[in-house]
Structure formats: structure tokens, C-alpha cells
Amino acid sequence: MPATLENHIGHFREQRGWTQAQLAEVMGVSRKTVNTVENGVFCPSVVVALKFAAALGQPVEALFQLENESAA
């Protein structure tokens, strides 16, 4: 089974008391971008992942991790 990307964006966003729209505004992206990444519908580019990290004050590794990674 291929690896999937798990994220903790919602957790860190809620800790700050932000809506998806507020996070999107801080990041300079659309609310839909935040929504689809947060809900696992869309895998973000490196640039967008770094924007999430900067906006939420967390390292990328705290926000995203591989799930179901198969052995090489």
C-alpha cells in the first residue's frame, strides 16, 4: 500500500483559535486550499506546506507525516 500524507493542521489551527478562512488569510491562499489540505483531499506542494508551517509556528514535520509507509 502506498504511503499517504497525514496532517495535524486542524489541531494547530484550532489551538490558535483560527477559522480556516483566518489561516488562509495569514498564508495568502484561498480558504478552499486550507480546507482541502486539512481534510486530506489535496497533498500540498512544498511551498504551501512551508506556508502552513510558518503561519502556524510549527516545523513541517509537526504538521505532516507519512502514514502507511511501505517497506522499501
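Predicted model: local features only at pLDDT ≥ 70, side-chain atom pairs only at ≥ 80, totals over all residues.
Figure 1. Along the principal axes, the C-alpha atoms fill a box of roughly 40 × 20 × 20 Å. Of the 72 residues, 31% count as buried. If you take the contacts with a separation of 6 or more, 61% of them join residues 24 or more positions apart.

**Figure 2. The surface of the chain and its charges.** The accessible surface comes to about 4,600 Å², and carbon and sulfur atoms own 54% of that area. As for charged side chains, there are 5 positive and 7 negative ones. The centres of the two sets sit 12 Å apart.

**Figure 3. Helix α2 has its buried residues on one face.** Which residues of α2 are buried? They are Gln 20, Leu 23, Ala 24 and Met 27. Looking down the axis of α2, you find these buried residues within an arc of 100°, so they line one face of the helix. The buried residues of α2 pack against α1 (9-15), α3 (31-38) and α4. After the helix comes Gly 28, with a positive phi near 80°.

**Figure 4. Gln 20, a buried residue of α2.** Gln 20 belongs to helix α2, which covers residues 20-27. Why does Gln 20 count as buried? Its relative accessibility is 14%, and buried means under 20%. Leaving out residues up to four places away in sequence, Gln 20 touches Arg 13, Arg 31, Val 34, Asn 35, Glu 38 and Asn 39.

**Figure 5. Helix α3 and the elements its buried residues pack against.** Val 34, Thr 36, Val 37 and Glu 38 are the buried residues of α3. Where do the buried residues of α3 pack? Their partners are β1 (4-7), α1, α2, α4 and β2. Following α3 is Gly 40, and its phi is positive, near 75°.

**Figure 6. Glu 38, a buried residue of α3.** You will find Glu 38 in helix α3. With a relative accessible area of 16%, Glu 38 is buried. If residues up to four places away in sequence are set aside, Glu 38 touches Asn 7, Ile 9, Gly 10, Arg 13 and Gln 20. So what separates Glu 38 and Glu 6, C-alpha to C-alpha? Those two are 32 residues apart along the chain, and their C-alpha atoms are separated by 9.0 Å.

**Figure 7. Helix α4 and its buried residues.** The buried set in α4 is made up of Val 48, Ala 49, Phe 52, Ala 53, Ala 55 and Leu 56. These buried residues pack against α1, α2, α3, α5 (60-63) and β2 (64-67). Just after α4 sits Gly 57, with a positive phi of about 65°.

**Figure 8. Ala 53 and what it touches.** Ala 53 is part of helix α4, residues 46-56. Its relative accessibility is 10%, so Ala 53 counts as buried. Which residues does Ala 53 touch, not counting those up to four places away in sequence? The list is Gln 58, Pro 59, Val 60 and Leu 63. Ala 53 and Phe 64 are 11 residues apart in sequence, and 9.5 Å lies between them in space, C-alpha to C-alpha.

**Figure 9. Leu 50, a partly exposed residue.** Leu 50 has its place in helix α4. Its relative accessible area is 49%, so Leu 50 is partly exposed; the exposed class begins over 50%. From Leu 50 to Leu 63 is 13 residues in sequence and 9.9 Å in space, C-alpha to C-alpha.

Notes
Residues numbered from 1 in each chain as written. Heavy atoms only, no water. Helix = DSSP H or I, 4+ residues; strand = E, 2+ residues; numbered from the N terminus. Buried < 20%, exposed > 50% of the residue type's maximum accessible area, 1.4 Å probe, protein only. Contact = heavy atoms within 4.5 Å. Areas by Shrake-Rupley, 256 points an atom, 1.4 Å probe, with all protein chains shown as cover. Lys, Arg positive; Asp, Glu negative; His and termini not counted. Charge placed at Lys NZ, Arg CZ, Asp CG, Glu CD. Arc of directions from axis to C-beta.
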